[in-house]
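The structure comes first, then the notes.

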Amino acid sequence: MEFSDEILLHILSYVPCTDLVLNVRRTCRKLATLCLDKSLTHMVLLHKEYQVNKDKVKQLMRGIGKEIHQLNMAGCYWLPSSTIDHVIRCKNLVKLNLSGCHLTSLRLSKMLSALQHLRSLAIDVNPGFDASQLSSECKATLSRVLELKQTLYTPSYGVVPCCTSLEKLLLYFEILDRSREGFILSGQLMVGESNVPHYQNLRVFYARLAPGYVNQEVVRLYLAVLSDRTPENLHAFLISAPGSFAESGTTKNLLDSMARNVCLDALQLPKSWINGSGLLQHLKFNNPFYFSFSRCTLSGGHLILRVINGGKDLKSLTSLNLSGCIHCLSSDSLFRKAEDDIDSSILESLVVSCCNLRHLNLSAAHHHSSESLGKHLCQLLARLRHLLSLALSVCSITDVPTNTDKPPVQSVTNVVPPGLGKKIRIGVPTYAKNFLEQSNQTSQSSVFWTLLENLLFLKTLELIGSSFSSAMPRNEPAIRNSLPACSRAQSVGDSEVAAIGQLTFLQNLTLAQLPNILTGAGLVSIGLQCQHLRTLSLANLGMMGKVVYMSALMDMLKHCKCLRDLRLEQPYFSANTQFFQALSHCSSLQRLCIISRSGTLQFDAVMSFMANCLEVIMCHMFMGETLTVCKNLQQSILRSFQADRPALNVIIFPLLHEDLTEVIRDVPMMHLDEITLFKSRVAEEPPNLWW
């Protein structure tokens, strides 16, 4: 308490606002004054404050409502819609994020009528939304809004036509093709919602589509206005669409107009709009900071010629997504096979031109380095010292093999060929105890080790098999069979995983489809050395018929004190007592997702884990158990812990059940998007897209 006010305010900035106002403020006069300092009350973050309930929000708004300028309640799905009524007290709000909150048209109207200073708004538009219920005072507030983020669960313009001064528009299309009753939905907007959006001041347009034709139909209606008159100040145009999204006459006119009239800083388009067209050579760029050509057939030659432009203007580029661009590192795609070696000169030009990259995604493609031509991919990427996040295919990090038919022998002394030697007892660690020393001696010369040695400030790393696909897609039944790993990936195993332990500041790690994991010993290295690890996703490691890394995983988890999110996807996974005892050491854990074909779980072990780990608010398990077993466990967890954990979200369900997609649609979007569904997240969208 003898610290200066400046230092105390810095310390208090790490305390959740609800604790400051409702608890810390009551301890003494000095803290009572400091807790109400403008630096602590101007911005209130309730996003992922899972212990917040309606009463706490009410008390918070009563205490400091008039002081709040920015309020983020994104993802507070557990709060009743009546909680929104208390936001009216925040008369001076400038920015408000209510994505994922329950909100009706009438409540939105009442709230916005009182927020005359609002300039930034994020909301969901759910079935039943009626723009005709918005009052004139509400529409007046919306007419002054400059930034709008709108998540659509039903075909609608939402509040877009009311926002006549928009400079930034972010649209997330999450409309399902069928209703709960099984009726096919139409993408045509309802009568009365045909007001024309106002885009004349627009600077940023972003649209992200979930799978489904209805989402495509609705986004075309939003784009139709843009094609008539392209805003002169538009500098970021981004559309993220999975699968095939055919170009129409309207979109072609829009792109032609953009090529003539605007100069862009950020670009992302559906693959079918770029493939085979000469669009890129006509678009003009100013100081680009983000490009995404995900899943495009863009060749390296076109990339260098039309985008990088000889390196003249790309020093500004901070984020680049080339995920699934199978030919982007080769000079020509016409006669090339996807597995052919890359042209290292293409990558070298990219690295030299884009030397300030912070985020780079090269996953979902066979970027094989040549044995004789040029430098290895890892050697070239090591020059990008500013990288904070990186996604690579597993087969791209292997040292150039002399004989790809025989994968190199793993440098672990306690491994014997299957079927030979003494049987290993279950429960006894099967990895060498001196593995760390061995890996230091044998692997420091590998190109992957050298890469990570030069990227010491990396916070996010994804190593994903080029042919990996999750057993849990979005709107389809679970996938029963997975494609085999690339032959080059057969040599990537425990030593490479151990090399990740060099990344002291690593916060998010994804490892998927590493077939040569024999013991998982490298995971222990990560647990010991990566003490800031917050998110861990492991999928299909080692052989598929057996979880070979279970002992190492349990040892790793004992050291992961900061881990908040854990996602495991592995056939035949046994969620038993030993696993949950190890997981209980992760005292910060909040979300757990296990996906396992033919996997098993122990009822008492799960209940004991939930009782011990008080921070866990999400438990999703899609296993091989019967529907009865799953339902009984789910109901028991909710009955025992829901009262003390208002945000608790539990789904225990058979992975291969025909009703899986119906169950998935009830998962809060925040959990579904961030952990339950597998995807590469590096450079998925521009940095700082929303505040």
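A cavity is a set of points, on a 1 Å grid over the protein atoms alone, where a 1.4 Å probe fits but cannot get out; its lining residues have an atom within 4 Å of a point. Grid points are joined across faces, edges and corners, and a volume is the space filled by probe spheres set on the points. The model is predicted: local features need pLDDT of at least 70, side-chain atom pairs count only at pLDDT 80 or more, and totals for chains, interfaces and linings use all residues. Residues are numbered from 1 along each chain as its sequence is written, and side-chain values use heavy atoms, with hydrogens and water left out.

**Cavities**
- There are 3 cavities of 30 Å³ or more in the structure.
- The largest cavity holds about 70 Å³ of space, and its lining includes Gln-268, Lys-271, Phe-293 and Arg-295.

**Nonpolar cores**
- A nonpolar core is a set of buried Ala, Val, Leu, Ile, Met, Phe, Trp, Tyr and Cys residues joined through side-chain atoms within 4.5 Å; buried means under 20% relative accessible area, exposed over 50%, partly exposed in between (1.4 Å probe, protein chains only).
- The largest core has 208 residues, of which Phe-205, Phe-237, Phe-293, Leu-381, Ile-500 and Phe-579 touch the most other members.
- Helix H8 (residues 213–228) supplies the largest share of this core, 7 residues; helices (H or I, at least four residues) and strands (E, at least two) are DSSP runs, numbered from the N terminus.
- Another core, of 11 residues, lies apart from it and includes Leu-170, Tyr-172, Tyr-206 and Leu-238.
- Leaving aside neighbours within four places in sequence, Leu-381 is in contact (heavy atoms within 4.5 Å) with residues including Leu-347, Val-351, Leu-451 and Leu-455.

**Helix H5**
- Val-57, Leu-60, Met-61 and Ile-64 are buried in H5 (residues 54–64).
- These four cover an arc of only 100° around the axis, which puts them on the same side of H5; the arc is that of the directions from the helix axis to the C-beta atoms.
- Asp-55 and Arg-62 are exposed on the other side of H5.
- Helices H2 (17–22) and H4 (38–41) and strands S1 (43–45) and S2 (70–72) pack against the buried residues of H5.

**Helix H19**
- In H19 (residues 550–557), 7 of the 8 residues are buried, so the helix is largely enclosed by the rest of the structure.
- Among the elements covering them are helix H18 (521–529) and helix H20 (577–583).

**Asn-23**
- Asn-23 lies in the loop between H2 and helix H3 (29–34) and counts as partly exposed at 44% relative accessibility.

Technical notes. 1 Å grid on protein atoms, 1.4 Å probe; cavity = no way out; pocket = protein on both sides within 12 Å on 5 of 7 lines; lining within 4 Å.
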